[in-house]
Amino acid sequence: MKKKVVRKLMALALVSAMATSMLAGCGSGDDSGKDSGKDADKGSEETVLKVAAFEGGNGTQIWEDIAKAFEESHDGVKVELEMSPELDKDLTKAIQNGDVPDVVYYNLGQPSGFTETMLKEEAIADISDVFDDELKDKMLDGILDGTDAQPYGDGKIYLAPIFYTPTGFWYNATLVGEGKQYEIPTTWDEFFALGEQAKKDGHALFTFPTTGYFDAFFYALLHETMGSEDFTKALNYAEGIWDTDGAKKAFDIVTKLATTVEPTTTANANDNDFRNNQQLVLDDKALFMPNGNWVIGEMADAPRADGFEWGFTALPAVEKDGERASYTFFEQIWMPSSAEHKDLGKEFIAYMYSDAAADIFAKSGAIQPIEGMSDKLDGDNKLYYSIYDTGAVAVMDAFATTDPVEGVTVRTTFFDPVNSLVTGDKTEDDWVNQIKTDSDKLRAALK
């Protein structure tokens, strides 16, 4: 699960306390003297590099293979690999006990807000020097320029984009598609018209795993309805941005979409039961859901309708021949500011973009944002990663990082209220007013 297999939300106060303890441990944040003398002479004595990685849809084997390959290319280095589906909780306990990893693979956008809180507490190290000119030239254009990599907008890289995944709507390609029972809708009007037709046939139009999946969806939708300039303003909570016509179009679409959701969705839209919602698509009970291609691995052993085949498409356009957007989700690898072996940790991060590492990751469908990777793909992966070659607009970036605001997070403001829209506990006006109020607070707290 993208946002993802953490069984229950972690209290942000606990994460913040952990991050604060890290700051206390690293003092002024001066990196000097952090690496032991062993790092300068790795051949003289074994150096242990602690790598903590989220155990998600890509499995554990690729990380074990990466650790082994890195060890073989670095004499005297032992990679101590910790993997967990509840990495945020495990790291909280470990770091509070003074056991700080050197490198962490844990994404933005998780329900716990762990990485975001680390950023807010300035507990993540600047790794700009990892991306020298040679490595920058190897990366896809613009990948290192957005807030996913430069969360403070200060030109410094704190989060290395290690994998990327196009996101959009997933469906049963034996039921929906050219010449099938239902045509793929290319505009939102066509999409909602299809919903009326499907309802008569006993299919719901839409479902979603959890409201966390509305981040990628909402970013793509805002780009379609607002255009690039206003989209950037929205990500920075610009004053008055939520009163624009583009914002109103996006709010209207989400509110109408909420009326098409399969009835059992909200009851299962949590980190324990989200697969039940994904199963709705496999069973043809719901036609479309927002997701990334990790869903294939997550549901590999699940039952399915006869002849089921995964299909994937960008969001419908606002108008005929208009922009169809697909948000690109990036997974991040980073370094705690109190890591012991910073130099070696940076070497490990740089190694993630080597040809050797790319080949290991690609075998499991984990694709890095480096030039030439799409040429190496075939089958389903070729279909998914070529979406931008067939006209979809790639959307990147996310809401800007701010200083902590008590009681306010991006997820609780923009995405979680969708559950209440579906159940009828909130109206569109309720949601929009909350967004305006919280945006004022977030804008005031911008770094």
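This is a predicted model: local features need pLDDT of at least 70, side-chain atom pairs count only at pLDDT 80 or more; totals for chains, interfaces and linings use all residues.

Entry 1: I began with helix α18 and asked which of its residues are buried. The list I got is E428, W431, V432, Q434, I435, D438, S439 and L442. Looking down the axis of α18, I found these buried residues within an arc of 155°, so they line one face of the helix. On the face turned away from that buried side, I found the exposed residues D429 and A444.

I then checked the length of α18, which runs over residues 428-444.

What do the buried residues of α18 pack against? I noted α8 (214-235), α9 (245-258), α16 (410-415) and α17 (417-423).

Entry 2: Next I turned to α7, residues 188-200. From its first C-alpha to its last, this 13-residue helix reaches 19 Å, close to the expected 18 Å. I wrote down W188, F191, F192, L194, G195 and A198 as the buried residues of α7. They cover an arc of only 150° around the axis, which puts them on the same side of α7. The face turned away from the buried side of α7 carries D189, E196 and K200, which are exposed.

I also looked up what covers the buried residues of α7, and the answer includes β5 (168-172), β6 (204-206), α8, α9 and β7. After α7 comes G202, and I noted its positive phi, near 90°.

**Entry 3: the cavities.** How many cavities of 30 Å³ or more are there? I counted two. Two or more lining residues come from each of α8, β7 (286-291) and β9 (325-334). The largest share, three residues, is from α8. I sorted this lining by class and got seven nonpolar, four polar and one charged residues.

The second largest cavity holds about 30 Å³ of space. I listed G142, I143, G146, T147, D148, F330, M396 and D397 as its lining. By class, the lining of this second largest cavity has three nonpolar, three polar and two charged residues.

Notes: Residues are numbered from 1 along each chain as its sequence is written. Side-chain values use heavy atoms; hydrogens and water are left out. Helices (H or I, at least four residues) and strands (E, at least two) are DSSP runs, numbered from the N terminus. The expected span of a helix is 1.5 Å times one less than its number of residues. Buried means under 20% relative accessible area, exposed over 50%, partly exposed in between (1.4 Å probe, protein chains only). The arc is that of the directions from the helix axis to the C-beta atoms. Contact means heavy atoms within 4.5 Å. On a 1 Å grid over the protein atoms alone, a cavity is a set of points where a 1.4 Å probe fits but cannot get out, and a pocket is an open set with protein on both sides within 12 Å along at least five of seven lines; lining residues have an atom within 4 Å of a point. Grid points are joined across faces, edges and corners, and a volume is the space filled by probe spheres set on the points. Ala, Val, Leu, Ile, Met, Phe, Trp, Tyr, Cys and Pro count as nonpolar, Asp, Glu, Lys and Arg as charged, and the others, Gly among them, as polar.
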